[in-house]
Amino acid sequence: MVYFLLIAAFQHWTGASAAAFGGYADEPSHYLSGLMIRDYGASGFPAHPFRFAVDYYTHMPFLAIGYWPPFFYVLESAWMALFGYHRATVLLLPALVAALLSGTVFTLLRNRLAPPAAFLAGGLLLLTPALLWSNQLVMVDTAFALLCFWAGLAFARWVDTGSAGAALLTGLLASLGLLTKLNSIHLILLPLLVF
């Protein structure tokens with residue numbers, strides 16, 4: 001929760017929540033793709049999804065679905081349905097994802113380090129240039145990083161325990177990573193590094 005509040009404060013302090021959707025060329029398409037799915041559901045599924053998307057694209061030609069996998073947009077649309085579609089509220093989704101990433105680092109390190117040092121390590125992750133940048137934008141990168149990190153941890157648990165649950169969790173998280181950003185294909189290298 002503390003990490004989330006820190007990121008939300010950072011977004012407010014930098015003016016990200018009031019900025020235009022132009023911090024990076026892909027940002028408008030990531031936002032509009034989630035908004036399209038949200039609008040499709042909010043309007044009661046009025047047409048075939050493809051027809052609705054084509055019509056939406058003729059009005060706002062910045063969609064990323066089809067070019068980018070759909071999982072982040074489904075997640076984003078659910079977030080919008082719950083909390084609204086204004087930039088400030090949508091930016092809280094990447095803030096939550098980054099907080100989960102830092103919280104995972106804290107959880108991994110708290111038994112190896114003193115809890116304040118583990119908390120600091122999670123906080124330092126938030127200060128990396130990539131996370132500082134992406135926490136000011138509506139982008140898929142932090143969600144992709146979280147899913148790949150969790151998939152790697154699940155794979156490590158499977159290597160340690162051989163449990164079917166860890167294997168299934170690895171497959172699920174890797175699949176969600178692949179459905180978020182195709183770069184997660186690199187996860188197929190994990191078995192090569194271990195065996």
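Predicted model: local features only at pLDDT ≥ 70, side-chain atom pairs only at ≥ 80, totals over all residues.
Reader: At what angle do the axes of α6 and α7 cross?

Author: Helices are DSSP runs (H or I, at least four residues; strands are E, at least two), numbered from the N terminus. An axis is a line fitted to C-alpha atoms, for helices over the stretch in contact, and the angle between N-to-C directions runs from 0 to 180 degrees. Here helix α6 (residues 92-109) and helix α7 (residues 115-126) have axes that come within 8 Å and cross at roughly 150 degrees. That makes α6 roughly antiparallel to α7 (over 145 degrees; under 35 is roughly parallel, 65 to 115 roughly perpendicular, the rest oblique). The crossing is right-handed (the near helix is turned clockwise from the far one by less than a right angle; anticlockwise is left-handed).

Reader: Which residues of α6 and α7 meet?

Author: Contact means heavy atoms within 4.5 Å. On the α6 side the residues are A98, L101, S102, V105, F106 and L109; on the α7 side they are P115, A118, F119, A121, G122, L125 and L126. By type, the residues of this contact are 11 nonpolar, two polar and no charged (Ala, Val, Leu, Ile, Met, Phe, Trp, Tyr, Cys and Pro count as nonpolar, Asp, Glu, Lys and Arg as charged, and the others, Gly among them, as polar).

Reader: Is S102 buried or exposed, and what is S102 in contact with?

Author: Buried means under 20% relative accessible area, exposed over 50%, and partly exposed in between (1.4 Å probe, protein chains only). S102, in helix α6, is buried, with a relative accessible area of 0%. Leaving aside neighbours within four places in sequence, S102 is in contact with Y3, G122, L125 and L126.

Reader: How do α6 and α9 cross?

Author: Their axes come within 9 Å and cross at roughly 30 degrees. The two helices are therefore roughly parallel to each other. α6 passes α9 in a left-handed crossing. P94, V97, A98, L100, L101, T104, V105 and L108 in α6 meet T142, A143, A145, L146, F149, W150 and L153 in α9. The residues of this contact divide into 13 nonpolar, two polar and no charged.

Reader: What does L108 touch?

Author: Not counting residues up to four places away in sequence, L108 touches F149 and L153. L108 counts as partly exposed, at 32% relative accessibility.

Reader: How many aromatic pairs are there?

Author: Rings of Phe, Tyr and Trp (its six-membered ring) pair if their centres lie within 6.5 Å; planes under 30 degrees apart count as stacked, over 60 as edge-to-face and the rest as tilted. The count comes to 10 aromatic pairs. Among them, Y3 and F119 are stacked, at 4.8 Å centre to centre and 10 degrees between the planes. This pair links distant parts of the chain: Y3 is in helix α1 (residues 2-14) and F119 in helix α7, 116 residues apart. Y3 counts as buried at 5% relative accessibility, whereas F119 is partly exposed at 35%. Another pair, F155 and W158, is tilted: 5.7 Å centre to centre, 35 degrees between the planes. F155 and W158 are three residues apart in helix α9 (residues 141-161), so about one helical turn separates them. F155 counts as buried at 10% relative accessibility, and W158 as partly exposed at 29%.

Reader: Which residues do ring pairs link into a cluster?

Author: The cluster consists of Y40, F45, F52 and Y56. F45 is in the loop between α2 (27-42) and α3 (49-59) and counts as exposed, at 55% relative accessibility. Phi of F45 is near 55 degrees, a positive value in a residue other than glycine.

Reader: Where is L169, and what does L169 touch?

Author: L169 is in helix α10 (residues 164-178) and is partly exposed, with a relative accessible area of 30%. L169 touches A154 and R157, not counting residues up to four places away in sequence. The C-alpha atoms of L169 and W158, 11 residues apart along the chain, are separated by 9.0 Å.

Note on methods. Residues numbered from 1 in each chain as written. Heavy atoms only, no water.
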